[in-house]
Amino acid sequence: MSERTDVLHSWCVQAEWDAPTIVSGEGAFFTDENGHRYLDMSSLAECMNLGHQHPAIIQAIQAQAAQLCFVTNSWGAIPRAALARRLLEKSGFEGGRVYFTLGGADANEHAVKFARLACGQSAAKVITRERSYHGASYAAMALSGDARTEGQVDPAAFGVLRVPAPYLYRCAFGSTDAITCATRHVAHLAEVIDRTPPPGVAAVLMEVDAGTNGIVAPRAYWPMLREATARRRVLLIADEVMSGFGRCGEWFAWQRDGEAGRPDLMTLAKGLTGAHLPLGAVVLSQAVAATVEHQQLFTGLTYAGHPLSCAAGLAAVQAYADEALIERSRHLGAELYRALQALKNRHAVIGDVRGGDGLFAVIELVADRASKTPLAPWPQTPPLLRELVMRAKDVGVSFATRGHLIIIAPPLVIAEHDLSAAVALLDRLLSELTHA
Ligand SMILES: Cc1ncc(COP(=O)(O)O)c(C=O)c1O
């Protein structure tokens, strides 16, 4: 038996894949087959928000498995109905509906289907942004502005229009302050909506905050986007696959702006079960749900709303609340952001630090602060960062990178001293690697 030779792995060169086998986990740590223990600074794929092997979730899965493993969508299932109710309550989408999927990509694809159904125009466009990630199935790749996959799919064939990402550090419109950057990006997007010929634009799909591509939009961007889309009767879909469930210090990142941030649809996955089982969801507002209420839905996935996954989701939602993890993420995220800013003051290789609203932060490494030249052309990973990740692993800390970015997103249960130790390790490794 060899994982190395028998399994085709995602997002890598097969011949270079050489990772240890993980055999157990607990809280913010996991352990490999040789007994090496690692502090998980990325929640594996920014999904294990509740930590590894959360006992209440395991217990809920076991109890559901003992009672009933599977029910199709043509019959009711107790955990499916219960989880839908909790999601509608937590998001305040009273009167709306929840469509369950298997993960984030299919949640985004379905959100777009529902938006087009709601506006009655199957050929209407969808606007997404450059430097975004919405999944790796074909339509989700077309929705994503991801340099790694852009050659595989034609966005135009999926009716997708792209706008620049609100990336303040490298603003496409040349602005250096957050409000101007947000204003210009929203004005540009509004222009794209206004000049799109009939049947026009059905929806705008965006990550609200945390995302794989490491962009954190200026805070003013989301409410401005909401206002501009609402004025044009274009539906706003919030991709909360990564930013939801406490990652940005709220249940859902759009809630930072209260009602001024409320989207028409939102998509969920990852933290929904804390990755204990696969599950995604599209939450539809009452108004959108009403438009599809009497239409035949020609879509479905065999395992959508699987009772075991929904039981895990239900236990996960309870655990976030019982352990006050949303508030904890907000509090620790602010501390993390302060510590990373201090790190930036000590290391010229750090060009920018983003985040701060929860346990999500991005460190952008540059060759030169004045010119902001990335340490390697996007999306390549610079050798310094590869070395940093290797040395960190050797001392039992697992960091995630994307291109020249370090993405920090530990489980929300991480102990404060472990978080501080990880930042101290980054400090030491950056010193070693840049002063060598
Ligand atoms: C913002 C966002 N949307 C969608 C996805 C796709 O989710 P999945 O891998 O479950 O299909 C991801 C995954 O990283 C994501 O970060």
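A crossing is called left-handed if the near helix is turned anticlockwise from the far one by less than a right angle, and right-handed if clockwise. Helices themselves are DSSP runs (H or I, at least four residues), numbered from the N terminus.

Colleagues, what I present is a predicted model, in which local features need pLDDT of at least 70, side-chain atom pairs count only at pLDDT 80 or more, and totals for chains, interfaces and linings use all residues. Residues are numbered from 1 along each chain as its sequence is written.

I begin with helix 12 (residues 383-394) and helix 13 (residues 416-434). They pack at an angle of about 130°, with their axes 10 Å apart; axes are lines fitted to C-alpha atoms, for helices over the stretch in contact, and angles run from 0 to 180 degrees between N-to-C directions. Helix 12 is therefore oblique to helix 13, given that angles under 35 degrees count as roughly parallel, over 145 as roughly antiparallel, 65 to 115 as roughly perpendicular and the rest as oblique. The crossing of this pair is right-handed. Helix 12 contributes Leu 384, Glu 387, Leu 388, Arg 391 and Ala 392 to the contact, and helix 13 contributes Leu 425, Leu 429 and Leu 433; residues are in contact if their C-beta atoms, placed from the backbone, lie within 7 Å. By class, six of these residues are nonpolar, none polar and two charged. Here Ala, Val, Leu, Ile, Met, Phe, Trp, Tyr, Cys and Pro count as nonpolar, Asp, Glu, Lys and Arg as charged, and the others, Gly among them, as polar.

I turn next to helix 10 (residues 307-322). Its axis and that of helix 4 (residues 78-91) come within 8 Å and cross at roughly 35°, in a left-handed crossing. That contact has eight nonpolar, one polar and three charged residues.

Helix 3 (residues 55-67) packs against helix 10 at about 150°, with the axes 8 Å apart, which means that helix 3 is roughly antiparallel to helix 10. This crossing is right-handed. Its contact residues divide into 13 nonpolar, two polar and no charged.

How values were computed:
Helix = DSSP H or I, 4+ residues; strand = E, 2+ residues; numbered from the N terminus. Contact = placed C-beta atoms within 7 Å.
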